[in-house]
Amino acid sequence: MPRPSSRERLLDAAGEVLLTQGAGALTLEAVAQRAGVSKGGLFYHFPTKQALVDGLVRRLTEAFDAALAQAGDRPGDYLRSYLDATIPEEHTAVPADRLTAALLAGILVDPAGLEPLRQRFAAWQDRLTRDGLDPAAATAIRLAVDGWWAVRMFGLGEPGPELHARTRRYLLELIERAQND
């Protein structure tokens with residue numbers, strides 16, 4: 001397995017700093033130290049803290065876009081892929097992942113840093129309205145999925161394993177119903 005690039009190691013290190021020490025500890029020095037590189041090596045890839053945050057957000061959206069690119073072309077396939085990319089089939093403990101790190105970094109460092117994420121969400125929403133389903137149904141399901149994602153990420157009363165499975169099946173049934181309407 002190839003080693004991650006220096007840029008990826010730096011993004012991983014930034015996420016680790018955010019998740020283990022909090023946003024206040026996200027400094028270029030802390031990231032360089034965590035990644036085991038010189039500040040010069042960090043500056044080569046990320047000359048500012050905001051550039052580092054932008055890199056986290058970009059990596060997040062690119063990974064989600066790659067998952068959505070697997071969608072088929074039948075009505076509802078894009079929405080199903082959105083659900084699959086957001087909520088796992090099996091109830092699992094939510095790992096401290098890059099998504100949370102990117103969002104926390106974007107919000108806490110500079111809310112304007114979330115603009116690329118806002119743009120991607122707008123593009124995903126636009127694509128959902130052209131998924132062959134009633135756009136209102138697709139949007140309602142997407143908003144339910146996004147809310148569930150937030151509940152999972154922030155530990156806000158997530159359903160247990162049985163209810164997780166039932167709720168996910170219910171959302172898939174809603175997609176099927178919307179497909180048949």
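Modeller: A helix here is a DSSP run of at least four residues, numbered from the N terminus. By that count, Val37 sits in the loop between helix H2 (28-35) and helix H3 (39-45). Keep in mind that this is a predicted model.

Colleague: Why is Val37 called partly exposed?

Modeller: Buried means under 20% relative accessible area and exposed means over 50%. Val37 has 23%, so the label is partly exposed.

Colleague: Which residues is Val37 in contact with, leaving aside neighbours within four places in sequence?

Modeller: They are Arg9, Leu10, Ala32 and Leu42, where contact requires heavy atoms within 4.5 Å. Ala23 is 14 residues from Val37 along the chain, and the C-alpha atoms of the two are separated by 20 Å.

Colleague: What makes up the fold as a whole?

Modeller: The protein has 9 helices and 0 strands. Of its 181 residues, 36% count as buried.

Colleague: How many aromatic pairs does the structure hold?

Modeller: There are 3 aromatic pairs. One of them joins Phe64 and Tyr82.

Colleague: How do you know whether Phe64 and Tyr82 are buried or exposed?

Modeller: Phe64 has a relative accessible area of 15% and Tyr82 one of 1%. The cut-off for buried is under 20%, so Phe64 is buried and Tyr82 is buried too.

Colleague: What makes Phe121 and Trp124 an edge-to-face pair?

Modeller: Their centres are 4.9 Å apart with 70 degrees between the planes; the angle has to be over 60. The two residues are 3 apart in helix H7 (residues 115-129), which means they are separated by about one helical turn.

Colleague: Why does Trp124 count as buried and Phe121 as partly exposed?

Modeller: Trp124 has 3% relative accessible area, which is under the 20% limit. Phe121 has 30%, which falls between the limits of 20% and 50%.

Colleague: Which residues form the aromatic cluster?

Modeller: Phe64, Tyr82, Phe121 and Trp124 form one aromatic cluster.

Terms used: Residues numbered from 1 in each chain as written. Predicted model: local features only at pLDDT ≥ 70, side-chain atom pairs only at ≥ 80, totals over all residues. Heavy atoms only, no water. Phe/Tyr/Trp six-rings, centres within 6.5 Å; stacked < 30°, edge-to-face > 60°. Buried < 20%, exposed > 50% of the residue type's maximum accessible area, 1.4 Å probe, protein only.
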